[in-house]
Amino acid sequence: MLNGLVTIQPKTNMPTIQKGKTVYRKDVFRLTKNIPPKPYFEDRKHKIILFNENCLKALPLIPENSVDMIFADPPYFLSNGGFTCHAGKKVSVNKGKWDASKGKEENYRFVLDWLRECQRVLTPNGTIWVSGTSHIIYAIGYAMQQLEYKILNDIAWFKVNPPPNLSCRYFTHSTEIVLWAAKNKHSKHYFNYPLMKKLNNNKQMLSLWSIRAPGREEKKYGKHPTQKPLALLQRIILASTKKGDVVLDPFSGSGTTGIATCREGRQYIGLELEKSYLNVSIKRLKDSFEDKE
Ligand SMILES: C[S@@+](CC[C@H](N)C(=O)[O-])C[C@H]1O[C@@H](n2cnc3c(N)ncnc32)[C@H](O)[C@@H]1O
């Protein structure tokens, strides 16, 4: 027993039942105890902790080899004053100050810095998923190669219902890439192959995923300009984690990763710069606890 709270199981991170209670080998509250100031939100029962913090400051305060899986949906640096189409109207592509480009060199340094910290905190067999469009995904792939991550898959997420291209000078943008990588070449990564096959009518699941962008129901507590669909995160979590695992999102946004994580009985650490997005996450999370109970 550690701190009266956590039971160590030497070989597995699976939760165990003791006196009717689930106890975990790892614990998100202990792993984040060095991050000041106080968490923005925590839920001890569902094992969720959110910080209003820059991930470059918070990640170095998390112990190495401690996080089982990371999902990162970073700034794509595409807020360049251009336009796109939303609900049939021409709207600015600008997402916020956090998405403004600082120039190629500085953008790349940022990518290297957070990817390096993510690699440090991942467990030896842990994996990371990173989403991106052409604006950022090549820099991420190159940084992963430089840091000697082992790239496992490049998932093509087909958005099924994309907005039309207003200029009619390009194909309609309808995909994003999600890179899946292990900490390094020695990693023995976890993949729930049987479940993925079962979810795909008993055929091997392809690296092409058709998933619709989030609908109104997923945005009822407020909008995030780059919110990911819950179905995408649910698949990622089911494919690459076990119950009780620790999942971290350094760019937590409206908390999509946290909700999928909590629904599937994993633990969650979310880092996010903007309080307004954290407030949306908290409402979404509380709603999903009610669904579960
Ligand atoms: C692409 S969005 C993530 C959206 C999220 N996946 C969702 O479904 O809501 C990126 C988020 O990262 C936050 N962000 C940007 N730079 C950050 C940093 N250095 N540390 C922590 N959060 C950051 C932004 O405020 C934004 O909410």
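**Around helix α4**

Guide: Just after α4, E148 takes a positive phi of about 65°; helices here are DSSP runs of H or I, at least four residues, strands are runs of E, at least two, and both are numbered from the N terminus. Mind that this is a predicted model, where local features need pLDDT of at least 70, side-chain atom pairs count only at pLDDT 80 or more, and totals for chains, interfaces and linings use all residues. Residues are numbered from 1 along each chain as its sequence is written.

Visitor: Which residues of helix α4 are buried?

Guide: Buried means 20 or more other C-beta atoms within 10 Å of a residue's own, exposed means 12 or fewer, and partly exposed is in between, with C-beta atoms placed from the backbone. In α4, residues 137-147, that picks out I140, A143 and M144.

Visitor: What does the face turned away carry?

Guide: Look opposite the buried side of α4 for exposed residues. There you find Y138, Q145 and Q146.

Visitor: And what do the buried residues of α4 pack against?

Guide: Contact means C-beta atoms, placed from the backbone, within 7 Å. The partners are α3 (104-121), β8 (122-132), β9 (150-158) and β10 (175-182).

Visitor: Which residues does I70 touch?

Guide: Residues up to four places away in sequence are not counted. That leaves C118, L122, I128 and L248.

Note on methods: Contact = placed C-beta atoms within 7 Å.
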